[in-house]
Amino acid sequence: MMQLATHGRAAAPVPAGMVILGSLRPGYDRVLTAPALEFVAQLARRFEGSRSALLARRREVQARIDAGWRPTFPPETAAVRAGDWQVAAIPADLRDRRVEITGPVDRKMVINALNSGANVFMADFEDSSTPTWDNLIQGQINLQDAVRRTITFNDAATGRDYRLNQRIATLIVRPRGWHLPEAHVRLDGAPLSGALFDFGLYVFHNAKVLLDRGTGPYFYLPKLENHLEARLWNEIFLHAQDALGLPQGTIKATVLIETILAAFEMDEILYELRDHIAGLNCGRWDYIFSFIKKFRADPACVLPDRDQIGMTRHFLRCYSLHLIKTCHRRGAHAMGGMAAQIPIRGDAAANGAAMARVRADKEREVGAGHDGTWVAHPGLVPLAKEVFDQGMPEPNQVHRKRQDVAVTAADLLQVPDGTISEGGVRRNLNIGVQYLEAWLRGTGCVPIYHLMEDAATAEISRAQLWQWVRHGARISGGTVIDAGLVRRLLHEELAKVRDLVGAERYAAGAFTAAAALLLDLVLQPDFIEFLTLPAYARVTSVAGG
């Protein structure tokens, strides 16, 4: 039974038991329709219990790791790893994914990314988007318009009009992870799952239109930690397809292997989603964050400066190769990781050096056997495409089985050596403050020092700081990294940020709040699982958030 919700700032027809707390602005009724909300409520009531149980299981596993247990390839799923099975056929428009561009779901970004020349655009409700109510609902509107090819944008600052080209990238959507709630919508007294909210609205409004256009509802699934979490997504896909009258197998997903635990269950994740999976992706930045987070209690797992942890380090190289071998054995695509660099205007030498690093990274990926790669900026699409065109003239490299690769648990768990510098501590503080300040203002993807920072890279910065303080790590030369040092260096880095952005911008921004949040995250005795959880609480406490 439908009812009219008048709670908070919304007035919209919603299912019984649902309350919408976000504002119902003009046009939002295109997304928040009664049938769409009923579908989302149905998803939540059917699957919320499983989601909650899986999150509780994460906490139990973390307690075991804190007590000294180390992950390995699960013996109870050995038959899956040994079995001779393949994933279902890959749709035609996902067979060549050599360059994928990622970014938030704001209107201009959606148009530019689809027009960028990349094969795929991953529209992101997760790490590169602050989940304010307006960002979420406007993002859904933007994707509706993009799917229907009606999306346009007029930039008032430049007078330039934006519209889609005749040929555009294939669209994939990334909903939020299992851990994030949707605080603006409550059902039966509890917040909705952000993942179910994002997925449900998008698939409800767009799946049939996408099929009519010769494509389909495609998704990237973030931050899974095991095959049981993949099984839940598969059950959701089966239910959604049945409820919406879609042929089973219509929905296709690519899973980001961006947690250390998931690296031990790649076969199992593919198996659980075998009728709906297109591939796996090396989510390198979240993977490094996960390594720090999961082994946070072990002083032997302290990592060096962030810029010393590249994909040529043994544990990351083995993770990449293992992903390629696993995917290709099963007929799935093995996607490479993100190039976070952005073009540097006005400094040819610095730009040349940055592009050389991107080229070397992409040459490593295509040479290893990856079927495609990620970039964060349209300016990198031609470079990445050139490298993959030269190294992979065919649509993909699934035929390269990499039987020469034999990765062990010890390979995936090898801690990289290196040093910690004062500069590394300062960079983590500086980047952490700048990113969190933007996130609190509603922007989840920010260029900082010629790199595109999102929540994953910011997580590395704050997790390293917490780890160094927790274990009394020393800067090369002997200085112990403790709370006093962090406070002093943070104060100095804030002054640098003020000089960088200017007094007016600093005063108008959220830098003080960002610094306070960062300091709290770093000095907490217990590690906070995701910085976006306390940050989200602050955003949603602001009117209109």
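Start by selecting Arg-25 and Asp-134, which form a salt bridge whose closest N and O atoms are 2.8 Å apart. The model on screen is a predicted one. Arg-25 sits in the loop between strand E3 (18-20) and helix H1 (34-66), while Asp-134 belongs to helix H4 (residues 133-147), so this pair ties together parts that are 109 residues apart in sequence. Colour the two residues by accessibility. Arg-25 is partly exposed, with a relative accessible area of 34%. Asp-134 has 17% relative accessibility and counts as buried, because buried means under 20%.

Asp-145 is buried, at 8% relative accessibility. Arg-30 is partly exposed, and its relative accessible area is 34%.

Next, go to Glu-272 and Arg-231. Their side chains meet in a salt bridge, at 2.8 Å from N to O. Arg-231 is partly exposed, with a relative accessible area of 35%.

Now select Asp-124, Glu-126, Asp-127, Arg-174, Lys-223 and Asp-286 together. Salt bridges that share partners join these six residues into one network. How many salt bridges does the count come to? It comes to 45.

Switch to a cartoon view for the next stop, a sheet. Show strands E3, E9 and E10: these three strands form an open sheet in the order E3-E9-E10, with antiparallel pairing. E3 and strand E10 (190-193) are the edge strands, each pairing on one side only. Direction ignored, neighbouring strands of this sheet are turned by 55° against each other on average. In general, strands of a sheet pair through backbone hydrogen bonds, either parallel or antiparallel.

Zoom in on the pairing of E3 with strand E9 (residues 181-187). The two run antiparallel and are joined by three bridges. To see a bridge pair, select Met-18 and look for its partner in E9, which is Leu-187.

H5 lies across E9 and E10. Relative to E10, the helix runs at about 55°.

For the last stop, move to helix H14 (residues 455-470) and helix H17 (residues 511-523). They pack at an angle of about 45°, and their axes are 8 Å apart. H14 and H17 are therefore oblique to each other. The crossing in which H14 passes H17 is right-handed.

Definitions and conventions: Residues are numbered from 1 along each chain as its sequence is written. This is a predicted model: local features need pLDDT of at least 70, side-chain atom pairs count only at pLDDT 80 or more; totals for chains, interfaces and linings use all residues. Side-chain values use heavy atoms; hydrogens and water are left out. A salt bridge is a side-chain nitrogen of Lys or Arg within 4 Å of a carboxyl oxygen of Asp or Glu. Helices (H or I, at least four residues) and strands (E, at least two) are DSSP runs, numbered from the N terminus. Buried means under 20% relative accessible area, exposed over 50%, partly exposed in between (1.4 Å probe, protein chains only). Two strands pair if DSSP finds at least two bridges between them. Axes are lines fitted to C-alpha atoms, for helices over the stretch in contact, and angles run from 0 to 180 degrees between N-to-C directions. Contact means heavy atoms within 4.5 Å. Angles under 35 degrees count as roughly parallel, over 145 as roughly antiparallel, 65 to 115 as roughly perpendicular and the rest as oblique. A crossing is left-handed if the near helix is turned anticlockwise from the far one by less than a right angle, and right-handed if clockwise.
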